[in-house]
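Please look over the model below. My notes follow as numbered points.

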Amino acid sequence: MNFIHNQGLDKVIFKPVASVYRLMPSPVKTGVSNSLNNLSNLVTVPNNLLQGEFRKAGINTGRFLINTTIGIIGIFDIADMIGFPEYEKEDYGQTLGSYG
């Protein structure tokens, strides 16, 4: 039953969205990608903290705040332009792995 439900969602939502996305000009695709990358910091920062990487957490928090405000919801990667390094994204699996 779940398989049929997923196929329905795929036909009704995901395929049309993907079709429209393919037609968008490159700068729009870059903006969407930047926004999604910016949102991923909401997962990365807590994991940086849980792993004891406080410097990375601070930089990722700064990147998020700058890109969300000045970068208009992260469409523009202003933090990169002003020299904030971009770190590898962290997730809860990596955090649990760091604890052994």
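Which residues make the nonpolar surface patch of about 650 Å²?

1. **The nonpolar patch.** The patch is made by Val20, Tyr21, Met24, Val28, Val32, Leu36, Leu39 and Leu42. Patch members have over 30% relative accessible area and no salt bridge; like charges are joined within 9 Å, nonpolar side chains (Val, Leu, Ile, Met, Phe, Trp, Tyr) within 5 Å. Accessible areas are Shrake-Rupley values with a 1.4 Å probe, and for residues only the protein chains shown count as cover.

2. **Basis of the model.** This is a predicted model, in which local features need pLDDT of at least 70 and side-chain atom pairs count only at pLDDT 80 or more, while totals for chains, interfaces and linings use all residues. Numbering starts from 1 along each chain as its sequence is written, and side-chain values use heavy atoms, with hydrogens and water left out.

3. **Where the patch sits.** Helix H1 (2-23) and helix H2 (26-39) each supply at least two residues of the patch. H2 gives the most, with 4 residues. Met24 lies in the loop between H1 and H2. Met24 is partly exposed, at 31% relative accessible area. Leu42 belongs to helix H3. Leu42 too is partly exposed, with a relative accessible area of 49%. Here buried means under 20% relative accessible area, exposed over 50%, and partly exposed in between (1.4 Å probe, protein chains only). The C-alpha atoms of Leu42 and Lys89 are separated by 10 Å, although the two residues are 47 apart along the chain.

4. **Overall fold.** The chain has 6 helices and 0 strands. Its elements run α-α-α-α-α-α from the N terminus on. The radius of gyration is 17 Å, well over the 13 Å that the globule rule gives for 100 residues, so the chain is more spread out than a compact globule. That radius is taken over C-alpha atoms, and the rule is 2.2 Å times the number of residues to the power 0.38. Helices (H or I, at least four residues) and strands (E, at least two) are DSSP runs, numbered from the N terminus.

5. **Box, burial and surface.** Along the principal axes, the C-alpha atoms fill a box of roughly 45 × 35 × 15 Å. Buried residues make up 23% of the 100 residues. The accessible surface comes to about 6,900 Å², and 70% of it belongs to carbon and sulfur atoms. Consider contacts (heavy atoms within 4.5 Å). Among those between residues at least 6 apart in sequence, 55% join residues at least 24 apart.

6. **Salt bridges.** How many salt bridges does a search of the whole structure find? The count is 2. A salt bridge is a side-chain nitrogen of Lys or Arg within 4 Å of a carboxyl oxygen of Asp or Glu. Arg63 meets Asp77 at 3.0 Å, N to O. This pair links distant parts of the chain: Arg63 is in helix H4 (residues 54-69), Asp77 in the loop between H4 and helix H5 (78-81), 14 residues apart. Arg63 also bridges to Glu86, with the closest N and O atoms 3.6 Å apart. Glu86 lies in the loop between H5 and helix H6 (92-98) and Arg63 in H4, so this pair ties together parts that are 23 residues apart in sequence.

7. Arg63 has a relative accessible area of 2%. Glu86 is partly exposed, at 41%.

8. **Helix H4.** The 16 residues of H4 should span 22 Å at 1.5 Å a residue, and the end C-alpha atoms are 22 Å apart, which agrees. The expected span is 1.5 Å times one less than the number of residues. Buried residues in H4 are Ala57, Ile59, Asn60, Gly62, Arg63, Phe64, Ile66 and Asn67. They pack against H2, helix H3 (41-50) and H5.

9. **Backbone to check.** Please look at Ile72 and Ile73. Phi of Ile72 is near 50°, a positive value in a residue other than glycine. Ile73 has a positive phi of about 60° and is not a glycine either. Ile72 is in the loop between H4 and H5, and Ile73 lies in the loop between H4 and H5 as well. Ile72 is partly exposed, at 47% relative accessible area. Ile73 counts as exposed, at 59%.
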